[in-house]
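Hi,

Here is the structure I promised to pass on.

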Amino acid sequence: MALVELRGICKSFGTVTAADNVTLDIESGEFITLLGPSGSGKTTVLRIIAGFEEPDAGTVTLNGVDITHLPPFDRDVNTVFQDYALFPHMSVQDNVEYGLRTRKVPKAQRAQQAREAIAAVKLEHAIDRLPHQLSGGQRQRIALARAMVLRPKVLLLDEPLGALDRQLREEMQVELKTVQREAGITFIFVTHDQEEAMRMSDRIVIFNEGRVEQVGTPEEVYERPATRFVAGFLGASNIVTGELARKIFGRTATVSIRPERLRLQPVAYSAATGEIAVAATVKEAAFVGANTLYIVDTEDGVRLSISSTNTQSPGHDNRFAPGDRVLAVWHDRHIAEIPAERRHTSARGKYE
Amino acid sequence: MLRLSRGARLALMAIVGLILLFMYVPLFVLILNSFNESQISGWPIKNFSTKWWAFARNYQPIRDALLNSVLVATGAMIFASILGTLVAFAMKGFNFFGRGTVNILVVLPIALPGVVTGVAFSNTYSNFLTPAGFNIGYFGMIVAHATFCIVMVFNNVFARLRRMNPNLQEASADLGAGLWQTFRLVTFPQFRTSFAAGALLAFALSFDEVVVTIFTAPPGIDTLPLWILKEVGRPNQASVVNVVATVVILLSLIPVYISQRLTRAQEHER
């Protein structure tokens with residue numbers, strides 16, 4: 001039995017379907033990320049787990065208990081909000097104590113627990129401040145402390161790093177991950193940032209238009225995308241279908257190959273075993289520091305993106321200019337086949 | 001920043017000065033006249049004296065009128081505070097059929113001429129309630145005042161609720177607080193300053209109301225403004241009226257001052 005089990009969750013707002021038959025198991029102690037573009041339903045699913053929304057159909061169980069229709073205050077889950085939602089009229093201490101207060105923890109004990117939680121996020125010096133006297137990163141930490149002090153079974157995080165600048169964001173990613181690992185609490189994290197998702201998660205759930213496209217470890221979803229959407233959404237990908245796929249890649253399915261798995265070689269290059277080389281013309285070459293990004297057209301008219309790492313100093317690499325005749329080379333094992341789109345084949349229970 | 005020429009600035013200052021002069025000179029004359037020894041107001045004042053202040057302090061009709069005013073204003077304020085807040089919450093939280101109409105109905109009484117409100121209430125009380133054996137009397141005056149006071153509280157609270165972060169209530173529920181706890185610990189503190197400012201304005205509005213009061217005050221009962229209105233008709237009491245008017249001016253400064261302070265405090269809180 002998984003810690004959190006979603007079964008056939010559906011939710012519509014007017015004519016908009018926000019969640020369409022979402023079924024998902026979340027294991028105890030894992031860091032799972034709901035990833036998708038805005039409006040893909042990831043936040044709705046999070047709000048359904050938190051209890052802020054009731055699903056139109058389906059069930060949510062926590063530790064085997066059906067909590068689908070329980071109000072938020074009766075659920076053993078806590079949320080870190082995107083805008084932190086700290087109570088503006090309460091000090092940092094009172095904010096962190098709030099959940100203990102509603103649980104009728106004795107005053108001395110809750111003050112002690114709150115102090116420990118605040119110390120855990122290194123903000124002891126700000127304990128008497130009001131939220132508007134804190135920086136964005138500090139507010140973020142207090143929001144985390146406020147939720148963590150209750151030792152919930154599950155912590156829900158709704159794009160908690162969205163408002164921070166890049167550097168702070170990366171620091172907080174590491175911090176969140178450390179806190180999660182040390183406390184052993186299940187984190188359900190919502191983001192639209194695929195890099196953030198891959199960096200932090202044990203597993204990623206990819207959402208699109210209210211449906212779950214794929215669930216897997218960062219490596220699985222990147223290397224073996226289950227759908228065309230996943231292949232395009234996570235990193236860049238060359239996706240080739242139909243007749244061209246057969247001609248160039250020798251496959252009947254839709255295939256995907258990552259730009260970094262393609263190499264460019266001079267026309268004189270002779271392919272090794274397992275390698276495939278296709279003649280092409282360089283259309284564009286863009287030097288971006290660590291890599292050079294090429295766009296090439298094969299003779300069959302397939303346009304490929306290629307990312308070539310600049311491992312050598314200038315003049316020692318194979319670097320090409322627009323108009324150069326080249327060979328696009330890849331290894332057969334780097335091709336990922338994308339199964340036929342599943343959503344058109346069956347309507348219900350497809351991801352179980 | 002808009003830059004004005006020297007001439008324009010001087011002209012504007014002169015206009016503002018004139019307007020302030022017209023607004024406040026009469027009040028100033030009235031205050032001075034409350035210290036006039038003579039029974040009749042006049043200018044220039046020949047002899048200054050606090051005789052009328054001493055007289056007013058122990059004059060029973062004035063005390064009764066003041067007590068009535070405070071009672072009515074307090075009652076109207078309490079009704080307006082509760083109802084205005086409830087309407088504000090309904091308008092903020094729900095999108096129901098007739099929402100726009102309710103909004104207009106709440107705001108309308110402040111725009112209606114007092115004469116109309118007064119006649120309407122007077123007719124209802126004397127032609128329907130009294131014949132039906134229900135003598136509303138003093139309470140009717142409070143209800144009539146409350147109708148146009150509601151909007152004061154409603155406007156203040158509604159404006160504040162609209163700017164409130166809805167996530168705060170969700171965060172509170174998420175942290176285990178029930179509905180009443182969330183209201184007490186999170187929601188109310190968010191709008192309490194607007195609530196207090198609205199209630200004070202409601203009090204002030206009711207305290208100096210004349211027109212509706214004329215129609216709804218039970219026989220023999222005077223509020224302070226009503227008493228002043230009656231006494232002004234008798235020239236030999238003019239100086240006592242000035243004393244009372246001065247007191248009213250000073251009293252009405254208090255709620256205005258507090259409500260401004262509250263509004264400012266609220267801006268800092270955000």
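To start with chain B: how many helices and how many strands does its secondary structure come to? It comes to eleven helices and zero strands, where helices (H or I, at least four residues) and strands (E, at least two) are DSSP runs numbered from the N terminus. Read along the sequence, that gives the pattern α-α-α-α-α-α-α-α-α-α-α.

Some housekeeping before the rest. This is a predicted model, with local features needing pLDDT of at least 70, side-chain atom pairs counting only at pLDDT 80 or more, and totals for chains, interfaces and linings using all residues. Residues are numbered from 1 along each chain as its sequence is written, while chains are lettered from A and ligands numbered from 1 in the order in which they are written.

Back to chain B as a whole. Its C-alpha atoms fill a box of roughly 70 × 70 × 30 Å along the principal axes. Of the 270 residues in chain B, 34% are buried (20 or more other C-beta atoms within 10 Å of the residue's own, with C-beta atoms placed from the backbone). Two residues are in contact if their C-beta atoms, placed from the backbone, lie within 7 Å. Among the chain B contacts with a separation of 6 or more, 77% join residues 24 or more positions apart.

You'll find B:Ser34 in the loop between helix 1 (6–33) and helix 2 (51–57) of chain B. B:Ser34 counts as buried because it has 22 C-beta neighbours inside 10 Å. Beyond its neighbours within four places in sequence, B:Ser34 is in contact with B:Trp52, B:Trp53, B:Ser239, B:Asn242, B:Val243 and B:Thr246.

Now for where the chains meet: 15 residues of chain B are in contact with 17 residues of chain A. On the chain B side, helix 7 (167–174) and helix 8 (179–207) are the elements that give two or more residues, and helix 7 gives the most, with six. That side divides into seven nonpolar, five polar and three charged residues (Ala, Val, Leu, Ile, Met, Phe, Trp, Tyr, Cys and Pro count as nonpolar, Asp, Glu, Lys and Arg as charged, and the others, Gly among them, as polar).

Finally, chain A has domain 1 (4–232) and domain 2 (254–338), with bounds from an automatic or database domain assignment. The C-alpha centres of these two domains lie 41 Å apart. Six residues of domain 1 of chain A are in contact with four of domain 2.

Cheers

Terms used. A residue is buried if 20 or more other C-beta atoms lie within 10 Å of its own, exposed if 12 or fewer, and partly exposed in between; C-beta atoms are placed from the backbone.
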